[in-house]
Amino acid sequence: MHVALLSLLLSTGALPEEKAVLTDPPNVPPPITRTTPAKVLVELEVVEKVMQLADGVEYTFWTYGGTVPGKFIRIREGDTVEFWLANHPNNKLPHNIDLHAVTGPGGGAASTFTAPGHKSRFTFKALNPGLYVYHCATAPVGMHIANGMYGLIYVQPTKALPKVDREYYVVQGDFYTDADFGQKGLQPFSMKRAIDERPSYVVFNGSALSMVGDRALKGKVGESVRLFVGNGGPNLVSSFHVIGEIFDKVYTEGGTKAQEHVQTTIVPAGGSAIVEFKLDTDGTYILVDHSIFRTFNKGSLGMMKVEGPGKKDIYSGKEVDEVYLGDEAVATSLKATPSASAVSSAKPDGKALYVSSCAMCHQAEGQGVPGAFPPLAKSDFLDTLANKKRGELVEIVLRGKTGKITVNGVEYNGVMTAVAGLDDEKLATLLTWVTSSMGNKAPAFTADEVKKLREALPELPKPAGGH
Ligand SMILES: [Cu+2]
């Protein structure tokens, strides 16, 4: 660049601009090699979607970028970050982001509060190096985090850590469904279990299957590995351990000082750790939360497959197996995958429609969430609709509802977005179920009736121009 122009840029403080590389778990963006600060553009999109929580178990996750954890963000100490949060128009709820790497109120939460179909921007300067959690902080906060709204942002120190052969991204999270571990089908979130801190699933990278079989992390004998480990919680503290490895170094709590020769490191909810180890010999190494029932009964199990040549002087493998007649020897064997109690519950009926279209807000038993989502169970408001204003009930589902309402003596003022994907037949089945269960009572809906009620709805005003 022309010298005069360069000095002009420097004197006005203009930083070179670049777009951050974002990656899905278990991948980490490449190390940053520049040696001076930059203005970095980060664009993150919130996507609400159904994915596998365990074998045959589905769950409606709320994500940053379509994965749990959300995209890994890598920036450098001293960078200025222009941060965009987009909320996909098909989403049902507003969201925001609190990045623990941000110095400033709420970590960006208030500045990024974004409705579906909108995007927001704020800018921050990364003052402190380290590995930080980010998460949603929209009410009910616990519910947004429990549904998978977290990820890691690494602020690479000005003096970067030594280069390693492989870097991976692993984040633990606890999940709360009504049914216990392994119940097949789409499982709704349970507010009760979340408040009681009684998860049915504790998993790495959003699924009991995220790092097993073909998806196991890979390595080769002789290589060095760095894991960027986080814990989204919302509730549990992780005792992170790799069976068969010793961490040569742990940057505890995601800071910049290292402890050496560590077996198990604590990763607090909303916290992190950077662990490093060398792959000295071959085999399969198992990533676990050493609160071990979580691993064998709730899914917190990942694998790293390390390919040979093995080093017999470091680990021999089994050398002898002969008969021994001592006192009762108790053999225990570790199972490689959590056992799923396969109880099928695929019911293409009103209840299933309720679970997939309404329960994420109104909750599995229709009990609602205080201060956010009104109850549908024994709702006097719903009773009036179902028995006297059936057209309005159809309208609420098809067009959503906002504004102050009183349900069973309690006031709500929230936003229910329109529920998509229901034809007349499905809507009739759904409404029949909602209005005749959960303590409610009303005549059944037929597809014919729903069709008539729908056609009688007043024309929708044309949506206002784009934003
Ligand atoms: Cu959220």
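The legends below describe close-up views of a predicted model.

Residues are numbered from 1 along each chain as its sequence is written. In this predicted model, local features need pLDDT of at least 70 and side-chain atom pairs count only at pLDDT 80 or more, totals for chains, interfaces and linings use all residues, and side-chain values use heavy atoms, with hydrogens and water left out.

**View A. Confidence along the chain.** The average pLDDT (the predictor's confidence in each residue, from 0 to 100) is 90 for the chain, and 91% of the residues score at least 70. Over residues 329-347 pLDDT stays under 50, and the model has 24 contacts beyond four places in sequence for them, a contact being heavy atoms within 4.5 Å.

View B. His 95 (ND1), Cys 136 (SG), His 144 (ND1) and Met 149 (SD) are the protein donors, lying 2.0 to 2.5 Å from the copper ion; donors are N, O and S atoms within 2.8 Å of the metal (3.2 Å for Na, K and Ca), and water is not among the atoms, so sites may look incomplete. Along the chain these donors follow the spacing H-x40-C-x7-H-x4-M. Cys 136 sits in the loop between strand S9 (130-135) and helix H2 (141-146), while Met 149, 13 residues apart from it, sits in the loop between H2 and strand S10 (150-156); helices (H or I, at least four residues) and strands (E, at least two) are DSSP runs, numbered from the N terminus. Both Cys 136 and Met 149 are buried, where buried means under 20% relative accessible area, exposed over 50%, and partly exposed in between (1.4 Å probe, protein chains only).

**View C. Strands S16 and S19.** Strand S16 (residues 238-243) pairs with S19 in the antiparallel sense over four bridges, pairing requiring that DSSP finds at least two bridges between two strands. Ile 266 in S19 is the bridge partner of Ser 239.

**View D. Salt bridges.** A salt bridge is a side-chain nitrogen of Lys or Arg within 4 Å of a carboxyl oxygen of Asp or Glu, and the count comes to 17 by this rule. Asp 79 and Arg 34 form one in which the closest N and O atoms are 2.8 Å apart, and both residues are buried. In helix H8 (residues 390-399), Glu 395 and Arg 399 lie four residues apart, about one turn of the helix, and form a salt bridge at 3.3 Å.
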